[in-house]
Protein chains: 2
Amino acid sequence: MKIRLGLIGLGTVGTGVVKAIQRQKSFFKKSLGFEIEIVKIAVKNTRKKRDVKLPKGVIVNDPMLVCNDPNIDIVVELMGGETVAKKVVLQSLKQGKKVVTANKALLANHAKECFETAGKNDSCIGFEASCAGGIPLIKCLRDGLIANEIIHLYGILNGTCNFILTQMLERDMDFPVILKEAQEMGYAEADPTFDIEGIDTAHKLTILASIAYGVYVDFRNIYIEGITKISIRDLQALDELGYNVKLLALGNFSKKGLDLRVHPVAIPKDHPLSPVSGAYNAVHIRGDIVEDIMLSGPGAGMDPTASAVVGDIVDIILGKINESFHRTSPKQTKVNYIPIDEIKCSFYTRLVVKDHPGVLASISSVLAKNKVSILAIHQQKLSTKNQAEIIITTHKATNKDFYKAINVIKKAGYTVTEPICIRCAQKDSF
Amino acid sequence: MKIRLGLIGLGTVGTGVVKAIQRQKSFFKKSLGFEIEIVKIAVKNTRKKRDVKLPKGVIVNDPMLVCNDPNIDIVVELMGGETVAKKVVLQSLKQGKKVVTANKALLANHAKECFETAGKNDSCIGFEASCAGGIPLIKCLRDGLIANEIIHLYGILNGTCNFILTQMLERDMDFPVILKEAQEMGYAEADPTFDIEGIDTAHKLTILASIAYGVYVDFRNIYIEGITKISIRDLQALDELGYNVKLLALGNFSKKGLDLRVHPVAIPKDHPLSPVSGAYNAVHIRGDIVEDIMLSGPGAGMDPTASAVVGDIVDIILGKINESFHRTSPKQTKVNYIPIDEIKCSFYTRLVVKDHPGVLASISSVLAKNKVSILAIHQQKLSTKNQAEIIITTHKATNKDFYKAINVIKKAGYTVTEPICIRCAQKDSF
């Protein structure tokens with residue numbers, strides 16, 4: 001059996017996919033009984049020198065030549081973006097082709113249209129590479145844990161953010177310096193907004209929550225906060241308090257509804273997500289019967305992502321991927337999203353204040369009035385004249401109450417800089 | 001669509017499976033479009049009170065009534081053991097039924113016969129529950145990482161051993177005490193031989209190595225050493241040296257052949273396998289393109305194992321399991337197993353010796369003569385009169401050279417007790 005492949009995009013991941021297929025050619029043929037032929041690859045710049053050997057005529061400059069080629073069985077979309085990528089995916093599905101994509105932005109925003117088109121055309125979409133790179137996370141969640149209701153899903157899903165936060169603390173350097181370095185080293189994009197503002201993580205959470213909960217989750221209902229406000233001082237203070245800070249995708253599923261959030265979390269050091277460092281990704285899943293499962297591995301990069309893409313290609317060939325986006329057909333069309341205001345968390349806050357008598361008393365009183373109970377408080381004089389730093393950790397409070405208190409404190413006029421607030425996880429409660 | 005299930009065995013796991021199926025009934029029906037009906041369950045003692053509600057007539061006392069019932073589509077074998085279980089599995093397959101089993105002993109010793117029978121009868125066997133309980137490990141290895149050659153696979157695969165080793169160190173108690181407690185708590189069997197001697201772990205390694213390498217691995221070619229000789233003193237000494245001790249299944253795959261072993265390993269504390277504690281299982285897999293993936297979760301227990309069994313049942317219904325045991329059809333019939341003698345490791349050894357002048361010099365000299373280079377050495381007088389404890393860690397040496405040296409030392413007559421030897425992992429080399 002010969003399977004004919006069309007690729008759209010030949011960047012880092014595309015190159016990795018071509019290399020993996022070329023290297024595994026004889027394994028696939030001898031052991032799985034099929035051959036994969038790369039028929040066409042659409043690229044923006046056909047003249048660019050590529051790191052792979054390809055027969056003449058394979059490289060083309062129009063994605064539609066791939067979608068519409070009757071000789072192609074599977075289209076692998078690796079161009080990214082939403083507009084053209086969506087057109088390409090839909091057109092391929094309409095032509096009855098199967099699709100493999102690593103495009104989380106596309107699926108986070110257009111999953112319904114894509115998967116309904118797949119269903120209508122007796123086709124399917126493999127998207128393992130869209131979340132957590134080389135970790136077979138989607139396979140685990142969709143198939144392996146099918147017997148479970150998913151109670152929670154906590155993930156470090158953005159390698160760039162995890163790399164930056166790890167490096168800041170390890171090397172005692174502040175955010176902008178490490179970000180610049182990460183960009184130079186290729187760990188962060190020239191425009192890092194999607195990564196550092198948490199949007200990329202929220203795209204992935206949209207996908208994972210849709211699978212776990214059997215609905216098309218609306219990306220706009222995810223509360224998103226990035227890592228740009230965190231300074232090395234906060235990481236150090238939290239380190240001393242026994243926490244590591246990670247940008248987390250959080251999904252808590254209960255009868256009350258879906259609590260979906262992306263924000264930095266101070267994670268106690270004895271939690272398995274806490275030591276996950278560098279560009280690694282990790283996901284902690286609690287199922288009602290499986291208890292706690294954790295998966296970790298490289299979340300991005302040429303080869304790990306290619307591993308996921310090629311895994312999907314083989315799964316499609318062997319008939320192991322069905323048409324649904326979900327573990328289930330969507331059972332609910334309307335979902336109740338729990339608003340961030342109602343979520344209860346412990347908080348860390350660092351305030352730089354004018355060092356006047358009564359400031360600490362006033363802050364304590366504002367917090368108490370707003371039903372925020374203090375767990376620990378630490379004040380120290382700063383070298384800057386007449387300034388003091390106050391670090392407070394709280395018991396659980398609603399986000400509404402806590403931020404109301406912070407706003408009152410800001411308006412009182414004794415804070416010198418914007419208060420930094422980071423949610424703290426407790427042993428079993430994020 | 002109605003799928004008719006027959007169970008053989010209604011112990012802990014069987015009860016968990018029945019409960020999971022009953023609880024997920026409406027989810028399966030509404031969302032996946034099928035209903036699972038439990039038609040027959042064969043048990044040893046039909047009069048025993050069970051923790052699940054079942055219609056009259058479901059409980060039978062002869063496994064063959066399940067295998068031969070033309071109304072049953074899938075047979076779930078949860079009786080354990082090899083003799084009857086093998087008969088039951090083969091007979092079910094010959095009747096064209098699909099089989100799900102959690103029986104690692106069966107597969108470690110009879111996989112070839114079972115899977116060839118499945119192939120001949122256009123059937124298949126799901127066996128996710130045979131290794132690492134609720135962790136979807138087999139799915140990851142077989143499907144998710146199909147694009148990879150597996151370079152190594154290191155696993156904590158026996159919850160009983162991991163529980164005992166963790167408890168010994170945490171509570172400063174010796175092996176026999178903790179074992180007895182574990183038996184009373186149900187964490188260890190009345191006859192714990194299979195667990196503590198490493199046989200259970202070796203069964204699982206046989207299965208995982210067969211999948212990873214595409215051959216029927218012969219269980220008898222795995223070097224096996226259990227945890228019974230390890231004392232609390234060793235765990236504490238290694239703890240101080242920066243190691244945690246775990247019973248590991250080790251598979252190193254190279255062109256030279258397969259290096260398959262089960263033995264205690266002192267793992268550096270910064271390795272991700274090192275903090276995995278209690279009854280948890282974890283597997284660290286290196287693929288040639290995916291880099292390092294780690295999976296962890298509960299390795300046993302009613303519900304986690306039921307999660308894996310039900311996952312297999314659903315996979316079979318959805319056509320996601322094919323007839324092969326391997327990721328591939330076996331490409332090699334003959335495998336080269338690298339003998340333990342040729343494997344190079346670092347070692348820890350603890351010697352209790354007569355406190356005479358010259359003993360340390362003699363030991364050092366014997367090690368040197370046998371090409372074992374010392375990394376660190378520590379001697380201290382024991383409270384027992386005229387005895388000293390010598391703890392040595394070594395650079396890498398072959399097992400042959402190291403144990404030759406240890407034998408010479410034993411024969412020299414100054415050791416008071418049997419030397420304890422534990423292999424030490426280094427950062428990237430186990």
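Author: We may begin with A:L10, which counts as buried because it has 25 C-beta neighbours inside 10 Å. A residue is termed buried if 20 or more other C-beta atoms lie within 10 Å of its own, exposed if 12 or fewer, and partly exposed in between, with the C-beta atoms placed from the backbone. The model is a predicted one, in which local features need pLDDT of at least 70 and side-chain atom pairs count only at pLDDT 80 or more, while totals for chains, interfaces and linings use all residues. Residues are numbered from 1 along each chain as its sequence is written, and chains are lettered from A and ligands numbered from 1 in the order in which they are written.

Reader: Where does A:L10 lie in chain A, and with which residues is A:L10 in contact beyond its neighbours within four places in sequence?

Author: Helices (H or I, at least four residues) and strands (E, at least two) are DSSP runs, numbered from the N terminus. A:L10 is found in the loop between β1 (2-8) and α1 (12-23) of chain A. Two residues are in contact if their C-beta atoms, placed from the backbone, lie within 7 Å. Once neighbours within four places in sequence are set aside, the contacts of A:L10 are A:T15, A:I41, A:V43 and A:R50. From C-alpha to C-alpha, A:L10 and A:R50 are 8.3 Å apart in space, although 40 residues separate them in sequence.

Reader: How is chain A as a whole to be described?

Author: Chain A has 14 helices and 17 strands. Its C-alpha atoms fill a box of roughly 80 × 45 × 35 Å along the principal axes. The radius of gyration is taken over C-alpha atoms, and the globule rule is 2.2 Å times the number of residues to the power 0.38. For 430 residues a compact globule would have a value near 22 Å, and the 24 Å of chain A agrees with this. Buried residues account for 51% of the 430 residues in chain A. Of the contacts in chain A between residues at least 6 apart in sequence, 74% join residues at least 24 apart.

Reader: How does one read strand pairing, and which strands join β9 of chain A?

Author: Strands of a sheet pair through backbone hydrogen bonds, either parallel or antiparallel. Two strands are said to pair if DSSP finds at least two bridges between them. In chain A, β7 (residues 150-156) is joined to β9(A) by four bridges, and the two run antiparallel; here A:G155 stands opposite A:A249. Twelve bridges join β9(A) to β10 (residues 257-268) of chain A, again antiparallel, with A:P268 as the bridge partner of A:Y243. A hairpin connects β9(A) to β10(A) through two residues. Strand β9 (residues 243-254) of chain A is largely enclosed by the rest of the structure, because ten of its twelve residues are buried.

Reader: What is the strand order of the open sheet of six strands in chain B?

Author: The order is β3-β2-β1-β4-β5-β6, with parallel pairing. Its edge strands, each pairing on one side only, are β3 (59-60) and β6 (125-126) of chain B. Within chain B, four bridges join β1 (residues 2-8) to β4 (residues 74-77), which run parallel, and B:I74 in β4(B) is the bridge partner of B:L5. Axes are lines fitted to C-alpha atoms, for helices over the stretch in contact, and angles run from 0 to 180 degrees between N-to-C directions. Helix α12(B) lies across β1, β2 (35-42), β4, β5 (98-101) and β6 of chain B, at about 160° to β5(B).

Reader: How are the two chains related, and how many residues are in contact between them?

Author: Copies are superposed by least squares on the C-alpha atoms of residues with pLDDT of at least 70 in both. A rotation of 180° with 0.0 Å of shift along its axis superposes chain B on chain A, with RMSD 0.0 Å. This is the relation of a two-fold axis. The same surface serves both copies, since 100% of the contact residues of chain B recur in chain A. In the interface, 44 residues of chain B are in contact with 44 residues of chain A. On the side of chain B that touches chain A, α2 (25-32), α6 (137-144), β12 (291-298) and α12 (302-317) of chain B each supply at least two residues. Strand β12 (residues 291-298) of chain A is joined to β12(B) by three bridges, and the two run antiparallel; A:L295 has B:L295 as its bridge partner.

Reader: Is A:D172 buried or exposed?

Author: A:D172 is exposed, with 10 other C-beta atoms within 10 Å. The residue lies in the loop between α7 (159-171) and α8 (175-185) of chain A. Phi of A:D172 is near 55°, a positive value in a residue other than glycine.
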